[in-house]
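Let's take a quick tour of a protein model. Have a look at the sequence and the structure first, then read on.

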Amino acid sequence: MSNTKALPLLEPEASEAVAPCCPSLTERPFTAEEAETAARMFKALGDPVRLRLFSAVASHEGGEACVCDISDVGVSQPTVSHHLKKLKDAGLLTSERRGTWVYYRVEPSVLAAMGKLLTTAATAT
């Protein structure tokens, strides 16, 4: 007899929902709001520790990572938490607390939006 219990999956809070950022750089000029959003994302990724943490979460098996699994980036745990908060504030990560641990994930729409932002429109020849 097992004492394990399956827990329901939680949907992200409405405040954590991720909206696409911006059009491709070559599609049209950004609005002021789009430029602010893109700049926040790039600023957050402009730090090597944050970029390593973002990569660790994005590439982690299952698409999410416990903070306990990604904290080995050469800085103290409080500094890791600070950087994860900056990534979350920039809209690059979402998180969910499970017991004493926090699990982070990169929403697929964020990666798609970032990819779209940096692609160039195909030109007909």
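How many disulfides does the count come to? It comes to zero, where a disulfide is a pair of cysteine sulfur atoms within 2.5 Å. Keep in mind that this is a predicted model, so local features need pLDDT of at least 70, side-chain atom pairs count only at pLDDT 80 or more, and totals for chains, interfaces and linings use all residues. Residues are numbered from 1 along each chain as its sequence is written, and side-chain values use heavy atoms, with hydrogens and water left out.

- Cys66 is buried (under 20% relative accessible area, with a 1.4 Å probe and protein chains only), at 2%.

**Confidence**
- The chain averages a pLDDT (the predictor's confidence in each residue, from 0 to 100) of 80, and 78% of the residues score at least 70.

**A helix pair**
- Helix α2 (residues 48–59) packs against helix α4 (residues 77–89) at about 75 degrees, with axes 10 Å apart.
- That makes α2 and α4 roughly perpendicular (65 to 115 degrees).
- On the α2 side, the contact (heavy atoms within 4.5 Å) includes Leu53 and Phe54, and on the α4 side Leu84 and Leu87 are among the residues.

Note on methods
Buried means under 20% relative accessible area, exposed over 50%, partly exposed in between (1.4 Å probe, protein chains only). Axes are lines fitted to C-alpha atoms, for helices over the stretch in contact, and angles run from 0 to 180 degrees between N-to-C directions. Helices (H or I, at least four residues) and strands (E, at least two) are DSSP runs, numbered from the N terminus. Angles under 35 degrees count as roughly parallel, over 145 as roughly antiparallel, 65 to 115 as roughly perpendicular and the rest as oblique.
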